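Please read the following report alongside the sequence and the model.

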Amino acid sequence: MTSPTSSANAVVIVGGGFAGWFAALAIQKRLPHCHVVLIEPRGEFLFQPLLYELLSHELQEWEVAPQYNQLVSNNGICWLQDEVVSIDRSNHTLQTRSGDRIPWKQLVIATGSQPNDFGIPGVKEHSHGFRNLSDVRYLRHRIQDLVHQRQPNAALAIVGAGPTGVELSCKLADLLNGNARIHLIEKGDSILPNSSAFNRERASAALERKDVCLHTNKDVARVEADRVVFSEGEEIQHQGLIWTAGSQANVPSLQPLPKLHRGHLAVNADLRLQDSPDVFAIGDLAINADHPVPANAQVAMQQGEAVGTAIAALQAGEEPPTFEFNDQGEMLSLGIGDATLTGLGITLAGPLAFQLRRAAYLTRMPGLSVGVRSAGAWLLNR
Ligand SMILES: Cc1cc2nc3c(=O)[nH]c(=O)nc-3n(C[C@H](O)[C@H](O)[C@H](O)COP(=O)(O)OP(=O)(O)OC[C@H]3O[C@@H](n4cnc5c(N)ncnc54)[C@H](O)[C@@H]3O)c2cc1C
């Protein structure tokens, strides 16, 4: 069945996260008469960098996860709440879970990433992630139970001391307020290996202050319902384990199969698939092997913007420009009311950094009206 929501002249975007949503806005801005179809199964846009503040009730759900039907109401973007199951590059069509066959003129693939358990036994069965609203709800219940039960040896384990593991440890330590031990487990010899020295030092100090128990050089061999076992045999008991140790590209089924690089869709400098001039791949699932950039929201948003320019160029019969990443630095949440940031000539930590981080993210919220309301709510709550 061909969908009534799309035409052969449409630009179709698969995935409405940072990359896909910002691409939809950028295309609509540059080509107001272009038919833009966004296919996204979730009902709400998820601003993942603010999930910690949602967990701690410092922000509310409508601020961190605005509904797509509100976001699309002010612009010409057509949102189809569906999941793409296969993409046929030869026929310029794709198939959705609900049975629609959608044609496109240009396609943007932005399906993001998914957790990677590296095949370690028990991770799938006995751990949670920290990526979406149901993960936040699970942790809120866990915190409530642990605070209520006040067991002397209660503990939560977090595996992976990258940004998510560190930020989550700090927030959980504040929320648990001594009612459970936090074990932060890392395979490497330090936390935040890709961060600036300033952010790493501030984060280390915050973990120490909050009494988070850091275990470096620990290789997880298996996870069980109540313990995590390391390859040298040592183990740690837990009442809940959160896996933040890795992610992998979430590549949809594509025919013919395009070139992959380390499991990611391989793209040229202009973000197009190497052998498909009408297909772009952006965000966490794509990589330009000659000029790799980090997999984060900052890159995804900039790539979304760049695709708007690229598609406007294609439709004018020109070649798309090369994508250049403008690194604006890194901001880390370090518990309630605390953060650290480096970038654009600023190095700052503490309550002011927390407020700047929150303001910076809220002003980037998709859909201006929601962003303004959100910033207003924040001011009123102070
Ligand atoms: C807790 C947490 C905190 C983070 N904090 C930061 C931070 O502070 N700074 C930063 O820069 N980055 C941060 N990140 C990383 C950042 O969120 C990601 O890099 C970014 O979301 C990637 O954007 P994306 O569009 O590629 O993927 P996503 O934002 O994940 O979007 C992918 C979308 O595709 C949809 N989708 C998937 N499969 C299909 C399908 N088959 N059909 C249709 N749609 C599909 C999904 O539902 C999803 O909405 C954080 C991540 C997490 C989990």
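The sections below go from the whole chain to single residues.

## Model and domains

This is a predicted model, in which local features need pLDDT of at least 70 and side-chain atom pairs count only at pLDDT 80 or more, while totals for chains, interfaces and linings use all residues. Residues are numbered from 1 along each chain as its sequence is written.

The chain is divided into domain 1 (11-41 + 82-115 + 248-327) and domain 2 (123-246), with bounds that come from an automatic or database domain assignment. The C-alpha centres of domain 1 and domain 2 lie 34 Å apart.

## Surroundings of the ligand

The ligand is surrounded by 31 residues, of which Gly15, Gly17, Gly112, Gly283 and Asn296 are the closest; a residue is near a molecule or strand if its C-beta atom, placed from the backbone, lies within 6 Å of it. Two or more residues of this shell come from each of α1 (18-30) and α9 (297-315), where helices (H or I, at least four residues) and strands (E, at least two) are DSSP runs numbered from the N terminus.

Both domain 1 and domain 2 contribute at least three residues to the shell around the ligand. By class, the shell holds 14 nonpolar, twelve polar and five charged residues, with Ala, Val, Leu, Ile, Met, Phe, Trp, Tyr, Cys and Pro counted as nonpolar, Asp, Glu, Lys and Arg as charged, and the others, Gly among them, as polar.

## The parallel sheet and its helices

Four strands form an open sheet in the order β11-β10-β9-β15, with parallel pairing; two strands pair if DSSP finds at least two bridges between them. Because β11 (213-215) and β15 (241-243) stand at the edges with a single partner strand each, one side of each is left without a neighbour in the sheet. Neighbouring strands of this sheet are turned by 15° against each other on average, direction ignored. Strand β10 (residues 181-185) pairs with β11 in the parallel sense over three bridges, and Leu184 stands opposite Leu214 in β11. Helix α7 packs on the sheet, touching β9 (155-159), β10 and β15, and its direction makes about 175° with that of β10; axes are lines fitted to C-alpha atoms, for helices over the stretch in contact, and angles run from 0 to 180 degrees between N-to-C directions.

Helix α7 (residues 163-176) also packs against helix α8 (residues 197-209), at an angle of about 35° and with their axes 10 Å apart. The contact is made by Val166, Ser169 and Cys170 of α7 together with Ala203, Ala206 and Leu207 of α8, two residues being in contact if their C-beta atoms, placed from the backbone, lie within 7 Å. The residues of this contact divide into five nonpolar, one polar and no charged.

## The mixed sheet and backbone details

A further open sheet has three strands in the order β18-β19-β21, with mixed pairing, and its edge strands are β18 (260-261) and β21 (286-287), each of which pairs on one side only. Between β18 and strand β19 (residues 264-266) the pairing is antiparallel over two bridges, and the bridge partner of His261 in β19 is His264.

Most residues other than glycine have a negative phi, and most peptide bonds are trans. Gln255 and Pro256 are joined by a cis peptide bond with omega about -15°, and Pro256 lies in the loop between β17 (254-255) and β18. His92, a residue other than glycine, has a positive phi near 55°, and His92 is found in the loop between β4 (84-88) and β5 (93-96).
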